[in-house]
Amino acid sequence: MSISEEILKLIENGITEWDEIYTRLINNHKKNAVSMAKNRLIQQGKIKEETINGKKILSIQHENEELISDVDAYLFEHSQEIKEYFKLILHQNPDNRTFNIKEFILSFPHLAELSDIIKNNPFEARNILTNIYKETYEELFAEETNITHIFITNLLTSKKKLSEIGANDIGKLVEFECSIVQASKNKSRTTEAEYLCFECGTKRTVKLDFWEDPEKKKVSCPNCSNQRMTIDSKSRITFQELIVQQLEVSQDGKQHTASLFLEDSEPIYSGKLRVVAVPIEKYKKGTSVADIHLYAFGYEEIDNIDINITEDDIENIYKIAKDPEVIEKLANYMLRETKGMDEVKKAIFLQQVKGVEKGDKRRNLNILLITDPGVGKSTMMHQLKKLPNTKYATMSGASGAGLIGGINKEKTEFGESWVVKPGIYALADGGTVCLDEFTHNKEVMPYVHDAMESQMAKITKMQNNLELPARCATLAACNPKLGRYDSNLSVMEQVPIKPETLSRFDLIFPLRDVPDNENDKDILKFIIRSGNEKIKGTEKKIKINGVELSDELLIKYLHYVDENFKPTISDEAEELIIDYYLKMRELSKNGAITITTRQAESLIRLSEVVAKARLKNEVDTEDAREAIELMQFCLEQISYDPETGKIDIDKVYGIPKSKREKSEQVLKIIEDENKCKDIVSEEIIFERAEKEYNITIEEVERILEVLSIRGEIYSPKFGYWRTT
Ligand SMILES: [Zn+2]
């Protein structure tokens, strides 16, 4: 007689308490074999197990006698292989409880059909696998594990987009990639409750479904006629409800979202995931229509979107990279709706290439565009949307929460709940944040500064401190305060950005809208022609070394370069970089602000991305020279002082030399007045400045502005100033 048959016989003879059956059978059989036989009988639907008065009671299930599941038969037939797999993963890490289907099939290729079996019967398969896992665990560590279930990942097949998951997938496993856009705080879910009968004292344990309220559930007493037992105790596990978003933008420009339920795992608040889940239904009250939600069986965090690069792609990438002007050409292709502005386009392309990771050091390039109205900064930014992980926001509509993240009370599938909403910086982790109207909102600026600096999005609210990874490049754009960029003035006089934030930008470009007949004609021609081509569908195909460019190939190029090249700096390139740095430092020697290693680090990052873009593992002199040229181009634009005819670093981060004297004089007037009065009115400052130093009102106004951005003076009341 088999163990199963012995168990059935004992139950038939009135011995229904599991402890007793177990004790009897382990005299003649191995302990594991006895537990497994019981589990198998339960899975087959031959017996039922219930906890009554704290004891496991077995009973024979007559109605289901015919039903022996294929899943169950298959998994038990191969339980040895499955055990072997669990032993392997538990040896490496005793906390691992993930059944990675792909990994399993690689070890046991003859069991490849397992993937489909699990996929089509997820809950049943997970229960059996969990039992086998628990047995394996007990054998290995001689103690029980109290996990509720194992995780399942890597389906091999059935990869879908979130938007493709529908009615046909209900109850079956699907795999998809997504990013988290909202996450509830950790909650508890009651999975099982023990009910007590007040009439006769019987206890009964019942499993609970997601949508069941344990307090309202009608549980009748198995022992007497009481139809309503009362809750005595509960078993809980952690539970989290996420809103996830499809990574790909759909044809209609929308990004599909869905709610995803996670059970029994560590809380997670941002990032990208590859999820294996079962679509489950929740019916709208009184209708036959149900919402589809996703119940996770397991997930892996992913860094990048799964970009599939073929051998052909690699061949094409190398062909493209051979072109000596590869950077210019790819930059032009990436930003093909913008005419001219070659240096800016080049810089933005290089920004997407990204520097080399070196411990804690920021590898992302930050770029600031100060543009005259109508120059097309927004068009430029919108063209980047085609790249993965790029997010666009305008500071005029942004809040700190929108950019960095926030914790709010929101309606969820399970009532109102505190939820974490990662902001743009966390959503763009690994990519680029485009911030339009950068100077529009002074309150938000410190958040941006912190994210740029720490590469983390720090959310602090209601005694919660969350740090979400935000390894992003920042492309910021703003209009100069006076309407048009004026090269006679310093950067700070025209854009109210604090020097510490300004210095986080590796490259600053003023983009001026200077009327120029030839150039204007070219631009207009370009706009008309590209419009015509779009209407006719005759857009020119652009080729590099015979390879036709596409957005897809561009994305692959950037991805391949980032995965495969980590250039170091050659001795010759090092010499060039140091030479240039020393020269700039010498130039800024007599200024209020000197070039520091921060600018040197920018130069190093820039050299690295140039080399990377050219598929090199070493920065050579050619790359270093190109980086220096780009930086020099920016510096000439922003720090050339027409009054002295020299490059003046103070024109970027402070007050140009030619004006420093005047601003010191204005500061002196305020200090002087403050000696007897707490605050000094603008009229007095204007009057004294004009009379004593011959400084015009207009100039004084600009000086006051700069002094206040620099934190040397502040205005406690409109029209009044005092020193800090
Ligand atoms: Zn009762």
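**Zinc site and Gln-494**

Reply: The donor residues of the zinc ion follow the spacing C-x2-C-x20-C-x2-C in sequence. This is a predicted model, where local features need pLDDT of at least 70, side-chain atom pairs pLDDT 80 or more, and totals for chains, interfaces and linings use all residues. Residues are numbered from 1 along each chain as its sequence is written, and side-chain values use heavy atoms, without hydrogens or water.

Me: Which atoms are the protein donors of the zinc ion?

Reply: SG of Cys-197, Cys-200, Cys-221 and Cys-224, lying 2.3 Å from the zinc ion. Donors are N, O and S atoms within 2.8 Å of the metal (3.2 Å for Na, K and Ca); water is not among the atoms, so sites may look incomplete.

Me: What arrangement do the four donor atoms make?

Reply: Tetrahedral, because their angles at the zinc ion run from 105 to 119 degrees. Four donors count as that if all angles lie between 85 and 135 degrees.

Me: New topic. Where does Gln-494 lie?

Reply: In helix α16, residues 491-494. Helices are DSSP runs (H or I, at least four residues), numbered from the N terminus. Gln-494 is buried, because its relative accessible area is 0%.

Me: What does the side chain of Gln-494 reach?

Reply: The backbone oxygen of Asp-486, at 2.8 Å.

Key
Helix = DSSP H or I, 4+ residues; strand = E, 2+ residues; numbered from the N terminus. Buried < 20%, exposed > 50% of the residue type's maximum accessible area, 1.4 Å probe, protein only. Polar contact = N/O pair within 3.5 Å; in protein donor to acceptor, adjacent residues only side chain to side chain. Tetrahedral: all angles 85-135°; square planar, octahedral: opposite > 155°, others 65-115°.
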